[in-house]
Amino acid sequence: MSKIIDGKAVSAYLRQEIKNEVEKLILDHNVQPGLAVILVGTDPASTVYVRNKHKACEATGIRSVSIELPATVSEDEVLLKIDELNRDDTIHGILVQLPLPKHIDEKKVINAISPAKDVDAFHPENVGRIMTGDYKFLPCTPAGIISLLDYYKVEIEGKSCVIIGRSNIVGKPMAHLLLERNGTVTVAHSRTKDLKATASQADILVVAIGKPELINSEYVKEGAVVIDVGINRKSDGRLVGDVDFESVKDKVSLITPVPGGVGPMTITTLLRNTLMSAKTSLNKA
Ligand code: NAD
């Protein structure tokens, strides 16, 4: 078996399953899952992410509604839009593409999204549910990583899992999901004293720091599974991860490439969450 985890192929497989379920939901209940994406401003990276989400929705039969607001929009106007979407029965998932312009309070915006439609799982209620293992939605990137590990039959239970990075969207929820699967979890970060010593103990190493190719073979144990979450654009235009792929690839048992590893799985989880929310809405009708 190849050492390279093919996130594109796993995503294609899972998206076909989602597509089938969407078709069934429409046929049986006349309900088409709907996702609303709010984009404020014209940040190039955010614009690409939103476009990719839109395309993925279309390909699986999920209705996608793009709400593009100018960078000068007021916080109140964004909150009003969210309120409108919260009350719209044809919308099952709402996400606000981050980052937002400085004059808009991100926390306030996230808190305004109905937890039942919070398909990114950023709302404090959903974050709390992840802590206690009683969740509706799982955060897209960490859940996508668990799906990859499952697809490649990587045993998590009892394994030493080291996560580098402690962000609210990747590192921290990743730690909870690996703990829930009985991994022995260590979270390392920018203040960790001896990062090489910590990282090189990992059977499963998840790297989410946003530093191009920082993690070389000295940080990696022989035979480890390495998951590279980082997406960084080099000055020559190339996309690279946080892991120096060439340096570590001969040492590991499995590794995700960038691009084509974790990235597609993040969007796949978003589609899954939107479908799940639409299914849940049937019980409320
Ligand atoms: P962030 O900037 O919010 O957090 C970075 C974390 O890395 C911090 O906790 C910090 O302590 C740690 N860190 C920074 N420098 C370090 C160092 N030298 N040594 C050890 N730890 C260090 O980042 P984020 O939002 O978690 O994103 C991380 C990377 O993952 C970025 O490249 C981002 O673009 C990418 N990302 C990819 C996806 C995807 O779908 N593939 C999703 C989200 C984020």
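## Domain layout

The centres of domain 1 and domain 2 are 29 Å apart, taken over C-alpha atoms. Domain 1 covers residues 30-114 of the protein chain. Domain 2 covers residues 140-263. The model is predicted.

## Ligand shell

How many residues surround the ligand? The count is 22. The closest are Arg166, Ser167, Val229, Ile231 and Thr266. Sorted by class, the shell has ten nonpolar residues, ten polar residues and two charged residues.

Which helix gives the most to this shell? Helix α10, residues 262-284, does so, with three residues.

## Polar contacts and burial

A polar backbone atom of arginine 166 sits 2.8 Å from an oxygen atom of the ligand. Arginine 166 is also listed among the closest shell residues. A polar backbone atom of serine 190 is 3.2 Å from a nitrogen atom of the ligand.

Lysine 211 uses its side chain instead. One of its polar side-chain atoms lies 3.3 Å from a nitrogen atom of the ligand. Taken alone, the ligand exposes 860 Å². The protein buries 73% of that area.

## Salt bridges

The whole structure holds 16 salt bridges. One of them can be looked at in detail. Aspartate 28 and lysine 24 meet through their side chains, at 2.6 Å from N to O.

Why can these two residues meet? Side chains of opposite charge can pair when their charged atoms come close. Aspartate 28 and lysine 24 both belong to helix α1, residues 7-29. They are four residues apart there, so about one helical turn separates them.

## Aromatic pairs

How many aromatic pairs does the structure hold? There are two. Ring pairs join Tyr13, Tyr151 and Tyr152 into a cluster.

Most residues other than glycine have a negative phi, and most peptide bonds are trans. Three sites in this model deserve a look against that background.

Two of the sites are cis peptide bonds. The bond from leucine 98 to proline 99 is cis, with omega near 0°. Where is proline 99 found? Its place is the loop between β3 (93-96) and α4 (106-112). The bond from valine 258 to proline 259 is also cis, again with omega near 0°. Proline 259 lies in the loop between β10 (254-255) and α10. Helix α10 is the helix that gives the most to the ligand shell.

The remaining site concerns phi. Alanine 121 is a residue other than glycine, yet its phi is positive, near 60°. Alanine 121 is in the loop between α4 and α5 (124-132).

Technical notes. Residues numbered from 1 in each chain as written. Predicted model: local features only at pLDDT ≥ 70, side-chain atom pairs only at ≥ 80, totals over all residues. Heavy atoms only, no water. Near = heavy atom within 4 Å. Polar contact = N/O pair within 3.5 Å; in protein donor to acceptor, adjacent residues only side chain to side chain. Areas by Shrake-Rupley, 256 points an atom, 1.4 Å probe, with all protein chains shown as cover. Helix = DSSP H or I, 4+ residues; strand = E, 2+ residues; numbered from the N terminus. Nonpolar A, V, L, I, M, F, W, Y, C, P; charged D, E, K, R; others polar. Phe/Tyr/Trp six-rings, centres within 6.5 Å; stacked < 30°, edge-to-face > 60°. Domains from an automatic or database assignment. Salt bridge = Lys/Arg side-chain N within 4 Å of Asp/Glu carboxyl O.
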